[in-house]
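Hi there,

Here is the structure I promised to pass on.

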Amino acid sequence: MLPTTSVNSRSQGNGVLSPRDAARHTAGAKRYKYLRRLFHFRQMDFEFALWQMFYLFTSPQRVYRNFHYRKQTKDQWARDDPAFLVLLSIWLCVSTVGFGFVLDMGFFETIKLLLWVVFIDCVGVGLLIATLMWFISNKYLVKQQNRDYDVEWGYAFDVHLNAFYPLLVILHFIQLFFINYVIISDSVIGYFVGNTLWLIAIGYYIYVTFLGYSALPFLKNTAILLYPFALLIMLYLISLACGWNFTKMLCSFYKYRVK
């Protein structure tokens with residue numbers, strides 16, 4: 001589930017992990033430990049997860065520096081504490097209920113919207129993006145093709161969750177205060193404000209994703225992950241010139257999906 005590098009001092013003299021240590025460091029063992037902690041809330045560090053959420057907005061580099069520290073102390077890059085995932089799930093629920101309220105949806109329509117946002121927007125799209133990034137990073141970005149130096153799929157999904165959180169807050173929380181009174185109006189200000197929020201949100205996603213992969217010392221040329229910024233800005237300018245309102249299109253799509 002997690003990316004690995006060469007073994008540390010816990011290995012045997014010939015550089016190979018003992019059978020007991022090797023079993024503890026398998027992807028299956030780490031996955032079992034992570035999922036088991038989902039049912040033990042007292043073992044979760046919610047304060048630290050909130051710290052990460054705060055710095056994903058203000059200084060995402062600090063979050064990934066902590067990933068380096070975890071690698072040195074626990075021999076794994078990704079989180080071993082599901083507190084971040086739990087808080088992200090709460091954010092999804094709260095923001096989606098707010099979205100349903102703003103769009104004047106009923107109870108069952110809001111539930112349908114919540115299921116769509118969780119299983120399609122977050123998990124479904126996340127699975128697709130994580131798989132794509134896992135393939136690209138291992139195929140083209142690893143400095144040397146070696147099984148001890150690879151990005152495993154679980155870390156790619158972890159990076160997606162990091163990048164998804166700022167996008168979620170911007171589009172599903174901050175934007176709510178402007179939808180009915182500004183954004184969905186037929187004025188230039190409406191689609192300018194809405195599309196600018198989309199630009200900031202997706203820009204955050206791209207940047208935090210870049211930081212996630214550039215934090216891995218065995219990857220090269222990670223700057224290419226910033227190239228989508230050019231396409232994003234071009235699409236933003238075209239949308240302003242053509243009068244496309246991305247938020248209005250999203251609201252219409254959500255209303256259509258919950259019917």
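In which helix is Thr-209 found? Thr-209 is found in helix H9; helices (H or I, at least four residues) and strands (E, at least two) are DSSP runs, numbered from the N terminus.

Before going further, please note that this is a predicted model, in which local features need pLDDT of at least 70 and side-chain atom pairs count only at pLDDT 80 or more, while totals for chains, interfaces and linings use all residues. Residues are numbered from 1 along each chain as its sequence is written, and side-chain values use heavy atoms, with hydrogens and water left out.

The overall picture: the chain has eleven helices and zero strands. Of its 259 residues, 46% count as buried (buried means under 20% relative accessible area, exposed over 50%, partly exposed in between, with a 1.4 Å probe and protein chains only). Among contacts (heavy atoms within 4.5 Å) with a separation of 6 or more, 74% are between residues 24 or more positions apart.

Back to H9. Thr-209 counts as buried because its relative accessible area is 10%. Leaving out residues up to four places away in sequence, Thr-209 touches Met-133, Val-159 and Ala-163. Ser-214 is also found in helix H9, but Ser-214 counts as partly exposed because its relative accessibility is 32%. From C-alpha to C-alpha, Ser-214 lies 9.2 Å from Leu-225, which is eleven residues away in sequence.

Grid points are joined across faces, edges and corners, and a volume is the space filled by probe spheres set on the points.

The largest pocket holds about 750 Å³ of space. It is lined by 26 residues, and the closest to its centre are Val-125, Ile-129, Leu-167, Ile-202 and Tyr-205. H6 (107-141) gives the most to this lining, with eight residues. By class, the pocket lining has 22 nonpolar, three polar and one charged residues (Ala, Val, Leu, Ile, Met, Phe, Trp, Tyr, Cys and Pro count as nonpolar, Asp, Glu, Lys and Arg as charged, and the others, Gly among them, as polar).

The largest cavity has a volume of about 30 Å³. Thr-209 turns up again in its lining, along with residues including Ile-129, Met-133 and Tyr-205. H6, H7 and H9 each supply at least two residues of the cavity lining.

H6 deserves a look of its own. It bends by about 30° at Val-117 (the bend is the angle between axes fitted to the seven residues ending there and the seven starting there). Val-117 is among the buried residues of H6, and those buried residues pack against H5, H7, H9 and H11.

Best wishes

Notes. 1 Å grid on protein atoms, 1.4 Å probe; cavity = no way out; pocket = protein on both sides within 12 Å on 5 of 7 lines; lining within 4 Å.
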